[in-house]
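Hi everyone, thanks for making time. I'd like to walk you through a model I have been looking at, so let me put it on the screen.

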Amino acid sequence: MAPQSAIEVSHVTKYYRRYSQRRQFSTLKSALLSRTVVRNLAPDQSFLALSDVSFSVPAGATYGVIGRNGSGKSTALKVVAGITKPNAGTVRVNGRVSALIELGAGFHPEISGRENVFINGIMLGLSKREVSKRFDEIVEFAELRDFIDAPVKTYSSGMYMRLGFAVAIHVDPDVLLVDEVLAVGDQGFTHKCLDKFAEFRRRGKTILLVTHSLDLVERFCDEALWLDAGTARVSGDPRRVVGEYLTAVERGEERQLAATNARALEAAGRAAGPAGGPGADVPPPGTQGPRDGFQAPAGRWGSREVEITGVRLIGGDDHASHLFHTGAPVTIRIDVRAAAPVDDFAFGIAIFNAEGVCCYGTNTAIEELTSDRFQGAGSVSFVVESLDLTEGTYTLDVAAHRRDGYPYDYHRQLHTFQVRSRTKDVGIYRPRHRWEFSPEIRLRPSAP
Amino acid sequence: MLHNLARLARYRGLIQSLVARELKARYRGSVLGFFWSFINPLLLLLIYTFVFTVVLPGIHPKEIEPYALFMFCGILPWTWFSSSLLEASNVLIAGGNLIKKVLFPAEVLPIVTVLSNMVHFLLGLPILAAFLVYYRAPLQWSELVWFPVVVLVQLVLTTGLALVLSALTVHFRDIKDILANVVTFWFFATPIIYPMTLAPGIGRALLNLNPVTHLAISYQEILFYQGSFGHWKWLLALGVVSVGVFLAGYFVFDRLRDSFAEEV
């Protein structure tokens, strides 16, 4: 095969019209009144979906496009498919294209699956004879032998998608464009689709894959592109692209968490009134111990004889963060201040998962660290060698209190952090572990 | 544009199967199925016969007796014309899924609308023919030759208008509602329920400007009136105009084509 590219996208820019604009007209009357039937796109009336995007996909390659929602992935696919035209730039595609954008888009609900297969096949560019030739294969693939003569409106959504997928894939395109359609059908069918893609690759067909499944991109694609707000950020080796994408996503989430925590703290501070004696938010007597505080809503209370002035979560790189990976070291650093000397004090922390389940809670009194004296400003660190939590969002309670539970300063769920994990294990606690196998049980070497 | 127009021929198979689908889907689930295409015009004819021979006899000139049959010659093609336009005005929006999600030649949709309505028209013809055989001397062969010409002219004209309307409605949704009213007016501005001879001087001049007038008169002269087809010059002129309308319609459609995927 000649070393040419199957898809060549160069400097493509695509605007979409914004509809919220008051100046926009959508009726004939206003068009006639404003005398501009052909609308021109001023920059403030348009949304830049793709901005000077270039990439090329070599023939026979599988190319993944990733990015957040609204980053222009689907627009890129539609431009390649020729469904929409770019406002600037050129797109060249060599060979027959089949676009899996919406499965079964042309199905008519009233007529049978059989007739829909024919019409859909013809819509996708096959001749009637070609469809007849592949008909059995299509029905076989869709696993719809018993239902093929029933009207499509009686199909379940899974059946509908399967039939749509089966037709589109049997068009036998040179270039296959796939937009996040692997989430159709059950596990078995998904595997079948992946097998079909693999077969496509073996036969030297080109696949352009838009997906949120980063795992799929890493496993399947020869090259990947990360689109961010309409611009091409990184392209090349899928692992590298996915890695950079994930880092950026984490950075964004980190910023959001920091902002959330700051807001929560500020709101709690306002509600509790000026620091000093017990505020209005002090729970009724008898519910002052941190264990009972676990039931309380988010907030801040306490007498402030010892005041918590700051809470930071510090990762292995000595930087404050809100996002950690399973197994990474974390230090919870609590800055405290006592205006007058205190001799009865304890510090505690508790970690809750998103369902509000306490994953772990402790304090210095429970752990039999006896207080002596504290005055001025200082800090307490809760050092975790390895954060063995599963993936998810967690909230943190921190408190300074008397050993009997009388609160000095109690921060209830004011701090949020996230845990990331490459393994999708479940539960609330991840014991450090490994698997061992006797020699009879052999495993394939895992991918590097 | 010419390139796209030439491509249209390649979509023959697609158009054919979509028309078939349209017709099948229309009657799917009804007991009488395709017979409705016969029964609908038959019932219409019976109603008009009843109204104009029993309820309101003698309000129309003698020359257009039987009046129901006269009307029917005009109403059958008019139904084709008007429902094509009304459906076409909505067809791109209704088929938005295809245009947005599949690489699909959009002009196929209004064309399919016109053609499937034409099939209904053709299926109504046997009913008309049966009554013609009963009421009048058999058609002459020259009339039989002219009939397909009229149908062809109407097809070209309707398609041209359907293309423009479908494309413009994507941008201006008002057209759907405007059109519904225009079609009603248009019906009365066409000599269908009255003969052209009843129109006064100035009115006649205006009626002559209406292209559908000449289609209606052609159908009436061929099917209803005895004697040779005298309106052929008008018909041929209309044929030329229709080709112009079609080309203009296709031009507009082609110019707006790229906007459909975003606007529907």
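**Sheets first, then a helix pair**

Let me begin with one residue pair: A:Gly64 stands opposite A:Ala224 in β8(A). What we have here is a predicted model, so please keep that in mind throughout.

That pair belongs to a parallel pairing, in which strand β3 (residues 62-66) of chain A is joined to strand β8 (residues 223-228) of chain A by 4 bridges. Zooming out, β3 and β8 sit in an open sheet of 6 strands in chain A, ordered β5-β6-β7-β3-β8-β9, with mixed pairing. Which strands stand at the edges? They are β5 (97-100) and β9 (231-236) of chain A; each has a single partner strand, so one side of each is left without a neighbour in the sheet. From one strand to the next, the twist averages 15 degrees.

Now for another sheet in chain A. This open one has 3 strands, in the order β2-β1-β4, and its pairing is antiparallel. Here β2 (46-58) and β4 (88-93) of chain A are the edge strands, and because each has a single partner, one side of each lacks a neighbour in the sheet. Neighbouring strands of this sheet are turned by 20 degrees against each other on average, ignoring direction.

Within it, strand β1 (residues 5-17) of chain A pairs with β2(A) over 9 bridges, in the antiparallel sense. A:Tyr15 is found opposite A:Leu48 in β2(A). And what packs on this sheet? Helix α2 (residues 73-81) of chain A does, touching β1, β2 and β4 of chain A, with its direction at about 120 degrees to that of β1(A).

For the overall picture of chain A, we have 9 helices and 18 strands. Buried residues account for 35% of its 448 residues. Of the contacts in chain A between residues at least 6 apart in sequence, 75% join residues at least 24 apart.

Let's move to chain B. Helix α2 (residues 12-27) and helix α6 (residues 108-135) of chain B have axes that come within 9 Å and cross at roughly 55 degrees. On the α2(B) side, the contact includes B:Leu14, B:Leu18 and B:Glu22, while α6(B) contributes, among others, B:Ile111, B:Leu115 and B:Ser116. By class, this contact has 10 nonpolar, 1 polar and 1 charged residues.

That's my tour, and I'm happy to take questions.

Technical notes. Residues numbered from 1 in each chain as written. Chains lettered and ligands numbered in written order. Predicted model: local features only at pLDDT ≥ 70, side-chain atom pairs only at ≥ 80, totals over all residues. Helix = DSSP H or I, 4+ residues; strand = E, 2+ residues; numbered from the N terminus. Buried ≥ 20, exposed ≤ 12 C-beta atoms within 10 Å, placed from the backbone. Contact = placed C-beta atoms within 7 Å. Pairing = 2+ DSSP bridges. Axes fitted to C-alpha atoms, helices over the stretch in contact; angles between N-to-C directions. Nonpolar A, V, L, I, M, F, W, Y, C, P; charged D, E, K, R; others polar.
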